[in-house]
Amino acid sequence: MCPKMMWPESVNAGEVTYPPGGTLGPRRQRDVQLVVLHSGSMTVWVDGVARRAGPRTVSLLLPGHEERFAFDRTLPTRHSWMQARVAAPSDELRGLPFALPLSPAMADLERLLLGRAIDPLLLALGASMLWRYVAEARAAVAPASAPVESALRFVHDNLARPLSLRELAHAAGVAPAHLSRLFRAHVGTSPMAYVWGRRVDAGVELLTGTGLPVGTIAERCGFQTSFHFARRVRRATGATPTEVRRRAWARQG
């Protein structure tokens with residue numbers, strides 16, 4: 001069980017989508033809060049210091065600080081949040097990274113929390129999310145291993161062609177199962193989930209920054225079909241590739 005001092009007195013959760021260019025605050029944070037970004041991005045000024053988080057991340061906000069939010073200027077920002085009232089937040093929460101990659105474990109806890117669980121379970125899920133963040137943050141601040149760095153470079157250099165876990169493991173010089181364990185410890189997700197996330201990010205960059213046809217962008221980013229590319233982009237951003245481009249160009253105009 002989590003130490004008593006980290007057991008929430010109350011837990012609230014919800015989900016909201018801000019339109020491009022949306023803002024929030026300034027406000028004074030009263031509780032411990034985890035913010036999960038599904039699409040878009042946000043910049044949060046905490047006591048005047050800017051912190052940024054992108055899609056598929058989870059961010060930690062601590063009580064007692066003034067916050068001001070600015071959301072993605074070109075894309076809708078969909079995020080969910082968990083807010084825990086903790087009488088005495090543990091020192092374990094202080095000094096942690098502002099944002100981490102959204103791990104499968106954290107995503108599972110978030111889905112359960114948003115499932116409108118009964119109150120006792122809400123408290124348990126809220127505490128579990130806080131301690132999960134602590135554990136993943138400790139792993140994230142540890143230096144990435146050489147195999148992980150090799151795999152990340154290989155993905156960056158070969159994003160346009162088909163990639164497999166076995167191929168990534170060979171490039172990293174370790175067994176596939178071992179590479180998966182290293183990725184979860186240092187990156188917060190699986191090797192192939194990282195590949196597809198990087199492909200979507202690269203695709204959105206080309207959509208918003210070039211006039212290349214959607215089919216060409218899909219091919220350059222390693223998608224077998226434009227349909228597959230569009231499905232992944234919509235899952236990440238809530239919009240089709242055409243809508244992503246139109247919104248970005250309308251903002252630039």
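The following legends describe close-up views of a predicted model.

**View 1. The five-stranded open sheet.** Five strands form an open sheet in the order β1-β8-β3-β6-β9, and their pairing is antiparallel. The edge positions are held by β1 (10–18) and β9 (99–101); each has a single partner strand, so one side of each is left without a neighbour in the sheet. From one strand to the next, the twist averages 20°.

**View 2. The pairing of β3 with β8.** Strand β3 (residues 32–39) and strand β8 (residues 77–85) run antiparallel and are joined by seven bridges. Val-36 has Ser-80 of β8 as its bridge partner. In general, strands of a sheet pair through backbone hydrogen bonds, in either a parallel or an antiparallel manner.

**View 3. The crossing of helices α6 and α8.** Helix α6 (residues 191–209) and helix α8 (residues 226–237) have axes that come within 10 Å and cross at roughly 95°. Because angles of 65 to 115 degrees count as roughly perpendicular, α6 is described as roughly perpendicular to α8. On the α6 side, the contact is made by Trp-196, Val-200, Gly-203, Val-204 and Leu-207. The α8 side contributes His-228, Phe-229, Arg-232, Val-233, Ala-236 and Thr-237. Classed by residue type, the contact of α6 with α8 comprises seven nonpolar, three polar and one charged residues.

Terms used:
Residues are numbered from 1 along each chain as its sequence is written. This is a predicted model: local features need pLDDT of at least 70, side-chain atom pairs count only at pLDDT 80 or more; totals for chains, interfaces and linings use all residues. Side-chain values use heavy atoms; hydrogens and water are left out. Axes are lines fitted to C-alpha atoms, for helices over the stretch in contact, and angles run from 0 to 180 degrees between N-to-C directions. Helices (H or I, at least four residues) and strands (E, at least two) are DSSP runs, numbered from the N terminus. Angles under 35 degrees count as roughly parallel, over 145 as roughly antiparallel, 65 to 115 as roughly perpendicular and the rest as oblique. Contact means heavy atoms within 4.5 Å. Ala, Val, Leu, Ile, Met, Phe, Trp, Tyr, Cys and Pro count as nonpolar, Asp, Glu, Lys and Arg as charged, and the others, Gly among them, as polar. Two strands pair if DSSP finds at least two bridges between them.
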